[in-house]
Amino acid sequence: MKIDFKALVVDWNIQNPLRKITQRSLAEEMVRAGVLRTIDSAVNMMQYHSSGKAKSVDYEMLMFLEERFDKPFDKIVQR
């Protein structure tokens, strides 16, 4: 399973030019939301899922991403 965080950020920035984000700021949001404990672990999780090596997706992270980007599961996770 793969989550293309770069594409999520780029799509968000195109749709919201006044409220742009970066992958790092997204990691910070995940920490503030309690999905992960540290920014480093959030960045590592993002890299792991971006690589396509993940066999499953953390439920809390998926729920956060669905709500944050207002997209369904199949628009976030690529198989």
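Guide: The axes of α1 and helix α4 (residues 59-69) come within 12 Å of each other and cross at roughly 20°. A helix here is a DSSP run (H or I, at least four residues), numbered from the N terminus. An axis is a line fitted to C-alpha atoms, for helices over the stretch in contact, and the angle runs from 0 to 180 degrees between N-to-C directions. The model is a predicted one, in which local features need pLDDT of at least 70 and side-chain atom pairs count only at pLDDT 80 or more, while totals for chains, interfaces and linings use all residues. Residues are numbered from 1 along each chain as its sequence is written, and side-chain values use heavy atoms, with hydrogens and water left out.

With that angle, α1 and α4 are roughly parallel to each other. Angles under 35 degrees count as roughly parallel, over 145 as roughly antiparallel, 65 to 115 as roughly perpendicular and the rest as oblique. The crossing of α1 and α4 is left-handed; that is the word when the near helix is turned anticlockwise from the far one by less than a right angle, and right-handed is the word when it is clockwise. From α1 the contact takes in Phe5, Leu8 and Trp12, and from α4 it takes in Met61, Leu65, Arg68 and Phe69. Contact means heavy atoms within 4.5 Å. These residues divide into six nonpolar, no polar and one charged. In that count Ala, Val, Leu, Ile, Met, Phe, Trp, Tyr, Cys and Pro are nonpolar, Asp, Glu, Lys and Arg are charged, and the others, Gly among them, are polar.

Helix α4 also meets α2. The axes of α2 and α4 come within 11 Å and cross at roughly 115°, and this crossing is right-handed. Leu26, Glu29 and Met30 of α2 make the contact with Met61, Phe64, Leu65, Arg68 and Phe69 of α4. Here the division is six nonpolar, no polar and two charged.

Arg68 belongs to helix α4, and at 17% relative accessibility it counts as buried. Buried means under 20% relative accessible area, exposed over 50%, and partly exposed in between, with a 1.4 Å probe and protein chains only. Leaving out residues up to four places away in sequence, Arg68 touches Trp12, Ile21, Leu26 and Glu29. Glu29 sits in helix α2 and is buried as well, with a relative accessible area of 18%. The side chains of Arg68 and Glu29 are joined by a polar contact of 2.5 Å. A polar contact is a pair of N or O atoms within 3.5 Å; within protein, one must be able to donate a hydrogen and the other to accept it, and residues adjacent in sequence count only if both atoms are side-chain atoms.

Ile21 is also reached from α1. Asn13 lies in helix α1 (residues 5-15) and counts as buried at 16% relative accessibility. Its side chain reaches the backbone nitrogen of Ile21 at 2.7 Å.

Past the end of α4 comes Asp70, in the loop between α4 and α5 (73-76). Asp70 is exposed, with a relative accessible area of 70%. Most residues other than glycine have a negative phi. Asp70 has a positive phi of about 55° although it is not a glycine.

Lastly, α2 has another partner. The axes of α2 and helix α3 (residues 39-51) come within 8 Å and cross at roughly 120°. That makes α2 oblique to α3, and the crossing is right-handed. Gln23, Arg24, Leu26, Ala27, Glu28, Met30 and Val31 in α2 meet Ile39, Ala42, Val43 and Met46 in α3. They divide into eight nonpolar, one polar and two charged. Val31 is in α2 (residues 23-32) and is partly exposed, with a relative accessible area of 23%. The C-alpha atoms of Val31 and Ala42 are 7.1 Å apart, with the two residues eleven places apart along the chain.

Notes: Helices (H or I, at least four residues) and strands (E, at least two) are DSSP runs, numbered from the N terminus.
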